[in-house]
Amino acid sequence: MIIIRYWFIAFALLLPFTAYAASAPSGMVVAAQPAAARAGIEMLNKGGNAFDAAAATALALGVVEPGSSGIGGGGFFLLYIAKEKRYVMIDARETSPKLAGYGRVYATQSSIDGPAAAAVPGLPAGVERLVSHYGKLKRADIAAPAIRLARSGFAVGARLANMIRWRSKVFNDSARSIFDKSRGALIRQPALADTLTRFARGGAEDFYRGETAGRLVADMQRDGGLVRLDDLAAYRAVEREPVTVDYHGFHVVSAALPSSGGMTLAHIFGQLQGDDLKELAPVDRAHLLIEVMKRAYRDRNAYLGDADFVTIPKDYLDPQRLHKLRDSIQMERTTPSSELTGFAEPIGASVDTTHFSIIDAEGNMVSATLSINYGFGSGYVSPSTGILLNDEMDDFATRPGQPNAYGLVQGKANGVAPGKRMLSSMTPTIVIGPNRTFIVGTPGGSRIISMVLLASVGFMMDETAPKDWVNAPRYHHQFLPDVVQYEEGAFSPAVAAELRKRGHTLKQVSRRYGNMQAILWDRRSGRLTGISDERGEGAALQQP
Ligand code: DON
C-alpha cells in the first residue's frame, strides 16, 4: 500500500530553491499491522515524537501480531535524533540466561520449542529507554493502545491464521487457549493486558525486578524455563553506535553488533567501492551482488558474535582486505563456496519478526526490527503474565558439532554464554542519499540482510518506482548452502540462463520472504512515500 500526499508540495515551492525542507511535512508510520500503525499515529497526534510513536507501535505490534514480536522478545531500534543530528541504536536484544551456561548444545528442537528456548526478554527495557530518554509522552500514554487492544481483542487475519496452523502443535496450554483460533475469531489477552498495565505504571522496574519478574520466573521454574530473577535484574538495554558505510554518494546507517546486519552491509558495500552498479548490465549486477553476498555471509558466519564477549578480527572491514575479496570475484564464473574457506551457518527458514519505520514532523526517524524469533517464538505463554516467550536461544550456535551446520569459529564467536547476546540478522537501516532518505527494514531471518541490501540498491540506482524496491521479487545467497535462492520473477529468463552458465545453482523458493516496511522522504519537497510490503498486511499512515 502506498500513500503519497501532495498538498505540501505547494508549501515546499514557497521555500527558496536552495533550501531543503529540514523536516518532514507531518509524521508517518509504516508497520506490519494497521492497528499498530494507528497506535503510532495516535502518539504523534497527541504531541508525541517519533520515539513515542515507536514505543507505542512496538507494544501494539506485540499484541496484534503476537506471532512475530512482543515484550517476551527483543529487537533493535535505530534512531535519528534530529535536533542533535545524531544516530544511535538501542540494543534491546535478548541475553542468554545464566543456567544455559557456556557453549550449551541443544538437541535440535529444544532451542526452538518450549520454555528452555527462551532468552531474557529485552523489549521492555528498550521501550523504557525510548520513552524516558527520547520521548515526550508518559509511559502510560504509549502503553494505552496496546493495553486496549489486548483487552478488547482483535480479529485473526490470514497471515496470523497460517502461522497459528503451523505452530499450534508446540503451544503450551496457555498459548493454546489464547491463540488457537481460526481466521476471523477474536483474540483477547487479558493477562497480557494486566502485565502491560503494570508496565505502564512501573516500567522496566516492574518487568525486571518487580511483580512481573516474580510471576514470570515462578512460571519458568515450574515449566522448565531457564530465566531466573538474577538474569532479569541484570538485563540492560544498551545504546550502541550504528555501523555506517558510504557508497557512491549514499550514506548507509545500520544496526551494530550483536546484529550482523550493519557489519554485513558494510562488508558488501566495502567490496563494491570500485564498482559502479549503475553501469552494469542486469546479469552482471546480479552476479556481482550474489558473489559479494557469498563472501560477506561467509565472514559473518565465521567471525561475528556479541562484541562484548568475543573479539571481532580487527581487519574485518579493512578496505584492503575487502578489496582483495572483490578481486577474487570472476565475472564470467561463480566461485563455488567450497573454494572459499570458511564456515557455514545455514540458518533455518524462520518466519517471523517485524519491522516498522517512522518519521515525525521534526525529522526524527526510527527504523526498528523486533523479534521473538520463530513464529510464536517458543510457543510458551507464561500463564500468570500472558507473556509469549521468545526462542531466541536458537540464534546462538547451539549445535556446533554438526556437519554442514556450525563450524568451530562460528561456534566460538556465537556460542552460548551467560548474559551474552545471540548474533542477529535484523537490519534496521536508514540510507541517506543526496536528496532523499530511505528508512527500511524487514523480517526474514538470515535473508533480512540481503533483502535490505537489494532494497537499498534499488533506492540508490533509482531505476524503478519506490514500491518496486520493496515489492520486487528477491534473491539471496548466504554462502552455504551454495545456491541462489530466488522468488519467482527475480530474474528474467535470459538473466537466469546466463547466471546458470556462469555456474550458479538457482533454486526458486515457494514461499515469499520478508515483510518490508519503508519510508522514502524527499528532503527537497518534503514529500513522504510510505511503502508497506505487498507480501504482508501492513499499512502506511500519514498524519492528517
Ligand atoms: O535476530 C535474528 O536474526 C532472528 N531472530 C530473526 C528472525 C526472523 O526474522 C524470522 N523472520 N522471518
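Trainee: Are arginine 298 and aspartate 299 buried or exposed?
Mentor: Keep in mind that this is a predicted model. Buried means under 20% relative accessible area. Arginine 298 and aspartate 299 are both buried.

Trainee: What do the side chains of arginine 298 and aspartate 299 form?
Mentor: Look for a side-chain nitrogen of Lys or Arg within 4 Å of a carboxyl oxygen of Asp or Glu. Here the N to O distance is 3.1 Å, and the two side chains meet in a salt bridge.

Trainee: How many salt bridges does a search of the whole structure find?
Mentor: The search finds 39 salt bridges.

Trainee: Which parts of the chain does the pair of arginine 474 and aspartate 533 link?
Mentor: Start with the contact. The side chains of arginine 474 and aspartate 533 form a salt bridge, 3.1 Å from N to O. Now place each partner. Arginine 474 sits in the loop between helix H16 (466-471) and strand S16 (475-476). Aspartate 533 sits in the loop between strand S20 (528-532) and strand S21 (539-542). The pair links distant parts of the chain, 59 residues apart. Arginine 474 and aspartate 533 are buried.

Trainee: What about glutamate 487 and arginine 535: how are they joined?
Mentor: Their side chains meet in a salt bridge, at 2.8 Å from N to O. Glutamate 487 lies in the loop between strand S17 (484-486) and helix H17 (493-501), and arginine 535 in the loop between S20 and S21, so this pair ties together parts that are 48 residues apart in sequence. Both glutamate 487 and arginine 535 are buried.

Trainee: Which residues do salt bridges with shared partners join into one network?
Mentor: The network consists of Asp91, Arg240, Asp308 and Arg421.

Trainee: Let us turn to the ligand. Which residues come nearest?
Mentor: There are 16 residues around the ligand, and Asp352, Glu392, Asp395, Ser424 and Ser425 come nearest. Next, check atom pairs. A polar side-chain atom of aspartate 395 is 2.6 Å from a ligand nitrogen atom. For asparagine 373, a polar side-chain atom is 2.8 Å from a nitrogen atom of the ligand. Glycine 444 uses a backbone N or O atom, 3.0 Å from an oxygen atom of the ligand.

Trainee: How much of the ligand does the protein bury?
Mentor: Taken alone, the ligand exposes 340 Å², and the protein buries 96% of that.

Trainee: What classes of residue make up the shell around the ligand?
Mentor: Count by class: four nonpolar, eight polar and four charged residues. Then ask about domains. Domain 1 (30-239 + 373-398) and domain 2 (242-349 + 427-526) each supply at least three residues to the shell.

Terms used:
Residues numbered from 1 in each chain as written. Predicted model: local features only at pLDDT ≥ 70, side-chain atom pairs only at ≥ 80, totals over all residues. Heavy atoms only, no water. Buried < 20%, exposed > 50% of the residue type's maximum accessible area, 1.4 Å probe, protein only. Helix = DSSP H or I, 4+ residues; strand = E, 2+ residues; numbered from the N terminus. Near = heavy atom within 4 Å. Polar contact = N/O pair within 3.5 Å; in protein donor to acceptor, adjacent residues only side chain to side chain. Areas by Shrake-Rupley, 256 points an atom, 1.4 Å probe, with all protein chains shown as cover. Nonpolar A, V, L, I, M, F, W, Y, C, P; charged D, E, K, R; others polar. Domains from an automatic or database assignment.
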